[in-house]
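Subject: Structure handover

Hello,

Here is the structure I promised to pass on. Please open it alongside this email.

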Amino acid sequence: MSRGGWGGGGVVPVAMVLLGLGGWPTGAGAQHLTVAPQAVLVDYREVSSGLRYSGSGFGGVATGHHGKLSAAASVVRLTLDPTDQSTAGAGFKATQLDAWVGYDVASHASVEVGILRRTADPEFAAQSLGALRLGVRSTYDLGPGATVSFRVDYLAAPKFSGGGRAAFSIDLGLGLDVRLAGRLHGVVDYAFERVNRKTNPGGTGEIDAPIQQTLARLGLGIGF
Amino acid sequence: MTTCRGGGLFLLAVLAPAAGRAQALQNATLRRAQQAYDNLEYRQALAFGQAALRERLAGAERARAYEVVAFSYAALDSILKAVDAFKQMVLIDPERQLDPNRVSPKAYSAFDVALRQVLLVRQLRIDSTSFVAGQGAVPIRFMVTQPARVVTRAIGVGGVGGGGGWGSAANFLVDSSAWNGQVNVSWSPRLPNGDPVPAGSYTVVVEARLGQNTFSASQQIRVTHGRVDTLPHLTSLPGYQYLPETEIPAQTWRPLGVAFLYTGGALIGTLGLESSSLGASSKRELGVVGAAALVTGFVMTLRRPAPRPAEGNILYNRLLTEQIARRNADIAKENVARRQQVQLTIGPSLKTGAPR
């Protein structure tokens with residue numbers, strides 16, 4: 001079984017570049033900058049319906065907007081436990097990093113690139129994943145200080161700690177940023193991730209080992 | 001005799017004030033002539049009047065004596081002699097005017113004939129006026145009783161300079177033409193180089209010449225200089241007002257609709273992408289975020305929409321500002337010219353020259 005460490009390829013340098021880009025607006029007089037700690041709800045499934053986990057976590061998110069450029073970065077620490085219906089014997093912890101850099105191509109539409117990196121602890125308790133994001137995002141102002149967004153990202157070049165490949169991987173999300181009072185913002189985000197991973201254990205032929213995760217981030221942040 | 005009585009009746013009205021004046025007359029003979037006339041004793045009035053004329057009289061009393069004689073002749077139907085007496089009267093007092101409603105037609109016609117038989121310049125009037133130098137003129141009106149060559153001049157008084165410069169008497173030719181009857185001329189008080197005439201007193205002299213006969217009348221006027229009023233700058237154009245540059249859009253259900261659309265998209269996407277082998281995913285996460293989006297959309301639907309720029313009004317205000325700036329630039333330019341102009345005010349002087 002090939003264990004192609006996803007961090008050993010070109011993903012990490014790309015991720016560092018993107019994160020650098022993501023951090024740029026904050027230092028360049030971004031028009032909108034929000035930093036928020038977050039609570040996280042997560043549901044994770046892998047390989048079969050029997051391997052399912054549910055949990056929560058915490059993290060933080062920073063978003064910025066400058067002209068037609070926008071960027072966001074989120075890091076969460078998750079604690080996942082097997083559900084009642086799960087056949088898994090033990091839970092695990094995971095750290096997930098997401099980053100996007102977007103460019104507005106129309107009044108309500110932008111294209112974006114980014115990275116996704118999730119590491120599991122213990123390492124073999126679940127698949128660690130790294131991928132590039134290529135997608136589009138639609139953003140709409142619901143009213144003064146309230147913005148809703150919907151995004152669809154293709155997860156390109158995914159790498160798994162347990163090896164394998166995924167010809168089709170997608171991540172879609174629903175985001176909401178509401179100015180509650182003054183600089184206080186409520187930032188919530190939903191992400192659904194589906195990775196059609198296939199492995200070829202022992203060279204006997206490919207088998208499906210899909211990964212599916214739903215994630216909700218709920219945060220209160222400060223807007224600048 | 002009937003005519004005499006009729007004329008006397010007419011003259012009663014005219015001479016009623018004269019009865020009072022009779023007391024003020026210095027010359028005793030003239031006073032008796034006036035009293036005789038007042039008593040409708042025209043022959044006696046004529047005799048006393050002629051006797052008074054042979055005496056030494058001041059100008060006004062001499063004119064008065066000729067008037068009594070003229071009216072007496074008119075009452076006695078000696079029109080030609082009345083005309084002669086009136087001629088003498090108007091030569092002494094050319095401004096004397098009879099009211100045709102208050103004197104007898106015979107006397108008035110005799111007076112009228114007399115006026116047309118002597119060369120006079122009467123009723124010289126110069127109205128007060130004010131204008132920017134070079135853009136107005138002083139109106140001068142007078143009456144010439146016979147066709148004559150009339151020369152009108154304005155002469156500086158008290159060393160007011162003119163075409164010859166300061167120190168020499170200014171002499172401006174206003175008009176030189178043949179006139180008869182009512183005459184209206186105008187004087188543009190400017191020096192040959194275009195500058196306004198210096199401030200000060202001027203005498204407007206009207207001289208009429210017919211053969212060897214000449215007659216002149218004059219009137220003093222005062223010319224003062226002043227600044228021309230400048231125009232105030234505009235802050236707005238009459239009838240045009242600035243419009244608000246933001247407008248509040250109408251309240252709609254669009255925020256809630258968009259929240260539904262986006263949440264629905266996430267839900268449909270989630271349902272469509274779920275792996276059959278992994279089973280239905282948890283909807284807890286989507287439920288939390290979707291509910292937040294829907295509540296936010298609903299709240300935003302109820303809230304007053306945020307003002308948004310009104311592009312049309314912004315453009316209109318920009319045009320209005322440009323228009324006001326353009327008008328103010330024109331006003332500034334005009335004010336520069338106005339500050340170099342002189343406002344001339346022409347006022348009559350109380351002193352009026354005697355006719356010669």
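This is a predicted model: local features need pLDDT of at least 70, side-chain atom pairs count only at pLDDT 80 or more; totals for chains, interfaces and linings use all residues.

**Chain B overall**

Chain B holds nine helices and nine strands. It has 356 residues, and 30% of them count as buried. Contacts in chain B with a separation of 6 or more are 70% from residues 24 or more positions apart.

**Helices H2 and H3**

Start with H2(B), residues 28-38, and H3(B), residues 42-53. Their axes come within 8 Å and cross at roughly 160°. An angle over 145 degrees counts as roughly antiparallel, so H2(B) is roughly antiparallel to H3(B). The crossing is left-handed.

Which residues of H2(B) meet H3(B)? They are Thr29(B), Leu30(B), Arg32(B), Ala33(B), Ala36(B) and Tyr37(B). Among their partners in H3(B) are Tyr42(B), Phe48(B) and Gly49(B). By class, this contact has nine nonpolar, three polar and one charged residues.

**Helices H4 and H5**

Next come H4(B), residues 59-75, and H5(B), residues 79-92. Here too the axes come within 8 Å, with a crossing of roughly 160°. That makes H4(B) roughly antiparallel to H5(B). The crossing of H4(B) and H5(B) is left-handed.

H4(B) brings residues including Arg62(B), Tyr66(B), Glu67(B) and Tyr73(B) to the contact. H5(B) answers with residues including Lys81(B), Phe86(B), Met89(B) and Ile92(B). The contact of H4(B) with H5(B) divides into 12 nonpolar, two polar and three charged residues.

**A loop proline**

Now look at Pro198(B). It sits in the loop between strand E4 (171-187) and strand E5 (200-210) of chain B.

**Where the chains touch**

The contact between the chains takes 31 residues from chain B and 30 residues from chain A. On the chain B side, helix H7 (254-273) and helix H8 (284-302) are the elements that give two or more residues. H8(B) gives the most, with 11 residues. The chain B side divides into 15 nonpolar, 12 polar and four charged residues.

Over to you.

Best wishes

Technical notes:
Residues are numbered from 1 along each chain as its sequence is written. Chains are lettered from A and ligands numbered from 1 in the order in which they are written. Two residues are in contact if their C-beta atoms, placed from the backbone, lie within 7 Å. Helices (H or I, at least four residues) and strands (E, at least two) are DSSP runs, numbered from the N terminus. Ala, Val, Leu, Ile, Met, Phe, Trp, Tyr, Cys and Pro count as nonpolar, Asp, Glu, Lys and Arg as charged, and the others, Gly among them, as polar. Axes are lines fitted to C-alpha atoms, for helices over the stretch in contact, and angles run from 0 to 180 degrees between N-to-C directions. Angles under 35 degrees count as roughly parallel, over 145 as roughly antiparallel, 65 to 115 as roughly perpendicular and the rest as oblique. A crossing is left-handed if the near helix is turned anticlockwise from the far one by less than a right angle, and right-handed if clockwise. A residue is buried if 20 or more other C-beta atoms lie within 10 Å of its own, exposed if 12 or fewer, and partly exposed in between; C-beta atoms are placed from the backbone.
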